[in-house]
Amino acid sequence: MKTKKLINAGADAVDEMLQGVLAAHPRHLYAVENMPRAIIARNGPRRGKVGLVIGGGSGHEPTFLGFVGKGLADAAAIGNVFASPPPDPIIACAMAVDGGAGVLFMYGNYAGDVMNFDMAAEMLALDEIEVRTVLTTDDVASAPADQRDRRRGVAGNVFIFKAAGAACDLLYSFDDVERVARHANARTYTMGVALSPCSLPQTLRPNFLIGEGEMEIGMGIHGEPGVAREPLRPADAVTDELLDSILREMKADRGDRVAVLVNSLGSTPMMELYIMMRRVKSRLDDAGFVIHTSLVGNYCTSLEMAGASITVMHLDDELQRLIDHPCDCAMFAR
């Protein structure tokens, strides 16, 4: 059975979306001439500043293009739905934001993204633009703790990009921007649950099957298999299961500060997210942690997938300052 979408042709969905984004947010964004998949912040790049380029497949909005703006990312390279951008828009982004202090690439740890961003970095080196890369690996479900470098990057991108973007905006050195990005990633943990599938614009068919009374713990944002398929349980029990996986890894003491994100995977409404947030706060209060920042809503989606994820960043003084640093993006501001 086919799904319903408000699109014209599946093959045109990404480019028409980008045209709409630029029409809606001209104060924040523009596209490189003749390169519509290279989206640049109007007020981000400047001389002497490390340029931050993020990117990945479409279908996760507002990730990635929604976090392009002053104080966060300087540019985003946009791929097809659930597919890496090719090297050309990545190169265009880097050249547009190069302020002479280096360019940092940040994106989720997926094979296609790694291959294409690495190709872009090699080509930029020929133009004497120094590029470094920090992969995001916050998805607790995707590999054991002792294999963190194999994990996927998911909704924790929001906090990780935020810290790195603030460091860039504050004119940290290239070494310190890279250090902050790696430090932010190492202290960020995400776990998700899927309740129903999404469907690609080209196929209009579910990209996986799940029973009416089931949920899948740890499913990836492209429909990658999770760690367990279980009967659907009440919100508090599901929230506890997600948080338990995070707190087992996060080495924190009573009184430590955290940033929290309760994220919709696409179609889960705010009512359900706030029910989960209520339980998150109760659990973290009981553990003695202080919630310094909390975000609830659509931040890293999977088209119309039903489900949610919980992200916790374990703050220290530096990360708290960077998370608090102002930013002004098309779809996110602080």
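**Entry 1: domains.** I note at the outset that the model is predicted. I looked up the division of the protein and found domain 1 (12-187) and domain 2 (189-323). Their centres, taken over C-alpha atoms, are separated by 23 Å. To the contact, domain 1 gives 37 residues and domain 2 gives 40 residues.

**Entry 2: the sheet.** I then traced an open sheet of six strands, whose order is E10-E9-E8-E13-E11-E12 and whose pairing is mixed. Strand E10 (228-231) and strand E12 (290-297) each have a single partner strand, so one side of each is left without a neighbour in the sheet. On average, and with direction ignored, neighbouring strands are turned by 15° against each other. Ala194 has Glu216 in E9 as its bridge partner. Helix H6 (residues 235-249) lies across E8, E9, E10 and strand E13 (306-314), and runs at about 155° to E8.

**Entry 3: the largest pocket.** I recorded a volume of about 310 Å³ for the largest pocket. Its lining has 15 residues, and Ile7, Ala13, Met17, Pro201 and Leu303 lie nearest its centre. Helix H1 (residues 13-24) contributes the most to this lining, with four residues. By class I noted eight nonpolar, three polar and four charged residues.

**Entry 4: the largest cavity.** My search of the whole structure gave two cavities of 30 Å³ or more. The largest cavity has a volume of about 100 Å³. It is lined by 15 residues, with Gly192, Met219, Ile221, Leu265 and Ser309 closest to its centre. Strand E8 supplies the largest share of this lining, four residues, and E13 supplies at least two. The lining comprises nine nonpolar, five polar and one charged residues. This cavity also lies between domain 1 and domain 2, because both give residues to its lining.

**Entry 5: the second largest cavity.** I found about 40 Å³ of space here. The lining consists of Val158, Phe159, Lys162, Thr293, Leu295, Ile323, Phe332 and Arg334. Helix H4 (157-169) provides the largest share, three residues, while E12 supplies at least two. Five of the lining residues are nonpolar, one is polar and two are charged. I noted that domain 1 and domain 2 each give at least three residues to this lining.

Note on methods:
Residues numbered from 1 in each chain as written. Predicted model: local features only at pLDDT ≥ 70, side-chain atom pairs only at ≥ 80, totals over all residues. Heavy atoms only, no water. Pairing = 2+ DSSP bridges. Axes fitted to C-alpha atoms, helices over the stretch in contact; angles between N-to-C directions. Contact = heavy atoms within 4.5 Å. 1 Å grid on protein atoms, 1.4 Å probe; cavity = no way out; pocket = protein on both sides within 12 Å on 5 of 7 lines; lining within 4 Å. Points joined across faces, edges and corners; volume = space filled by probe spheres on them. Nonpolar A, V, L, I, M, F, W, Y, C, P; charged D, E, K, R; others polar. Domains from an automatic or database assignment.
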